[in-house]
Amino acid sequence: MRKLNGLTLLALLAAGPAAAASGPFFSLKNTDFVVLLGLIVFVAILIYFKVPSMIGGMLDKRADGIQSELDEARALRDEAQSLLASYERKQREVQEQADRIVAAAKEEATVAAEQARADLAVSLERRMAAAQEQIENAQSAAIKEVRDQSVTVAMAVARDVIAKQMTAAQGNSLIDSAIQEVDAKLH
């Protein structure tokens, strides 16, 4: 009954400034009073059929639905954060593995470069030795050729000199002595 009195008081205050109707307020001829009675009956019908509790129930269902959506969103957010953390962890692991691979590749490249330098040094040493040997062989061949040529020239010069200075008798005497010498060595 208190709610009704509060509603009545509210209706009276709202209808007070708009007192356009004439005559006593509590009369069925007063339109403001009739509208107030209609409003009170309407509110009473709503209360009788428990419309406010139904609306409250619907609002509660809607609030529960919103709460469940919020809980689901929180769960999805937590799952997304855990997935993000997992992917970040995997990304760090992959980055560390890539760094290790790069470091190993650099180390292998350094070792390979050192090995290539050593192989190049050995190859250069072999080539230098082969070139030195070729130079020595060429030098020896040149010296031999010069000696052979010198001997040939010396013999030609000696033959010419001997031929000019020797007489036929001296030549016969040399031939005889050579034959005797050969005969003595053979027997």
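Let me begin with a term: a residue counts as buried when its relative accessible area is under 20%, as exposed when that area is over 50%, and as partly exposed in between. Valine 41, at 49% relative accessibility, therefore counts as partly exposed. Please keep in mind throughout that what we are looking at is a predicted model.

Let me stay with valine 41 for a moment, which has its place in helix α2, the helix that covers residues 31-48. Which residues make a nonpolar surface patch together with Val41? They are Ile45, Tyr48 and Phe49, and the patch they form with Val41 has an area of about 460 Å².

Now to the aromatic rings, where a search of the whole structure gives 2 aromatic pairs. One of them joins phenylalanine 25 and phenylalanine 33, whose ring centres are 5.8 Å apart and whose planes stand at 75 degrees, so this pair is edge-to-face.

Let me turn to charge. In general, side chains of opposite charge can pair when their charged atoms come close. In this model the count comes to 5 salt bridges, and I will go through some of them.

In helix α3, which spans residues 51-165, arginine 74 and aspartate 71 lie 3 residues apart, about one turn of the helix. These two form a salt bridge in which the closest N and O atoms are 3.0 Å apart. Arginine 74 is partly exposed at 40% relative accessibility, and aspartate 71 is partly exposed as well, at 38%.

A further salt bridge brings together the side chains of arginine 77 and aspartate 78, at 3.7 Å from N to O. Arginine 77 is partly exposed, with a relative accessible area of 48%, and aspartate 78 is likewise partly exposed, with 41%.

Finally, how far apart are the closest N and O atoms in the salt bridge between arginine 117 and glutamate 114? The distance there is 2.6 Å, and because the two residues are 3 residues apart in helix α3, about one helical turn separates them. Arginine 117 is exposed at 51%, whereas glutamate 114 is partly exposed at 45%.

Notes
Residues numbered from 1 in each chain as written. Predicted model: local features only at pLDDT ≥ 70, side-chain atom pairs only at ≥ 80, totals over all residues. Heavy atoms only, no water. Phe/Tyr/Trp six-rings, centres within 6.5 Å; stacked < 30°, edge-to-face > 60°. Patch = residues over 30% accessible without salt bridge, like charges linked within 9 Å, V, L, I, M, F, W, Y side chains within 5 Å. Areas by Shrake-Rupley, 256 points an atom, 1.4 Å probe, with all protein chains shown as cover. Salt bridge = Lys/Arg side-chain N within 4 Å of Asp/Glu carboxyl O. Helix = DSSP H or I, 4+ residues; strand = E, 2+ residues; numbered from the N terminus. Buried < 20%, exposed > 50% of the residue type's maximum accessible area, 1.4 Å probe, protein only.
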